[in-house]
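Colleague: Could you take me through this fold and tell me what backs up each label you use?

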Amino acid sequence: MSMKAVRAGTLAQRAGAYYVRIQAMARKYHITLEQEFDEHDTPDTRYIVFLDEDFPVATCRLYALDTDRVMLGRVVVLPEYRGRGLGRRAVLEAEQWARDLGFQRAVLESRVGKTGFYEKLGYTADESNVIVGETFTCIHMEKTL
């Protein structure tokens, strides 16, 4: 597999992250662009993008919550690339970037039914912290980096 992970630093690479999110999530779940791209999609937001040759196929977003904690999210893999471990690799790449930046903890909000994926990566679910969104209900999860 000729997949490579990129820490998006250019407009084109960021556009790749957006493309994956629109194709794999917004279209499938009828999420408007205003819902998909929120106040956390800023010029300071970081994105991991997996490329197959030069084609974006998976992504993960990360941004600082405070000096110690980073929020991971918008982990998305194009449907035709699922089952190849790219979601897992995207999270691990984002965690490594967060460590490189000095963060101590990773936080995320997992869709209900997807928490097992993150538990395998070492995250602990806080079942008492449920986030009811417009499209999904999520569970707060954390991991020490």
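Colleague: Which residues have the most contacts inside the largest nonpolar core?

Modeller: Keep in mind that this is a predicted model. Phe50, Leu62, Leu72, Leu86 and Tyr123 have the most contacts inside that core, which has 31 residues. Helix α3 gives the most to this core, six residues.

Colleague: What makes it a nonpolar core?

Modeller: The label needs buried residues of the nonpolar kinds joined through side-chain atoms within 4.5 Å, and buried means under 20% relative accessible area. Phe50 and Leu72 are in the set, so they are called core residues by that rule.

Colleague: And what is Leu72 in contact with, beyond its neighbours within four places in sequence?

Modeller: Its partners include Leu62, Val91, Ala94, Leu108 and Tyr123. There's also a second, separate core of six residues, among them Val6, Ala8, Tyr47 and Val49.

Colleague: Why are β2 and β3 called paired?

Modeller: Two strands pair if DSSP finds at least two bridges between them. Strands β2 (residues 46-52) and β3 (residues 55-64) have seven, in the antiparallel sense, so they count as a pair. Asp52, for one, has Phe55 in β3 as its bridge partner.

Colleague: What is the strand order in the open sheet?

Modeller: The seven strands run β1-β2-β3-β4-β5-β7-β6, with mixed pairing. Strands β1 (3-7) and β6 (124-132) are the edges, as each pairs on one side only. From one strand to the next, the twist averages 25 degrees.

Colleague: Which strands does helix α1 touch?

Modeller: Helix α1 (residues 11-29) packs on the sheet and touches β1, β2, β3, β4 and β5. The direction of α1 makes about 100 degrees with that of β3.

How values were computed:
Residues are numbered from 1 along each chain as its sequence is written. This is a predicted model: local features need pLDDT of at least 70, side-chain atom pairs count only at pLDDT 80 or more; totals for chains, interfaces and linings use all residues. Side-chain values use heavy atoms; hydrogens and water are left out. Helices (H or I, at least four residues) and strands (E, at least two) are DSSP runs, numbered from the N terminus. Axes are lines fitted to C-alpha atoms, for helices over the stretch in contact, and angles run from 0 to 180 degrees between N-to-C directions. Contact means heavy atoms within 4.5 Å. Buried means under 20% relative accessible area, exposed over 50%, partly exposed in between (1.4 Å probe, protein chains only).
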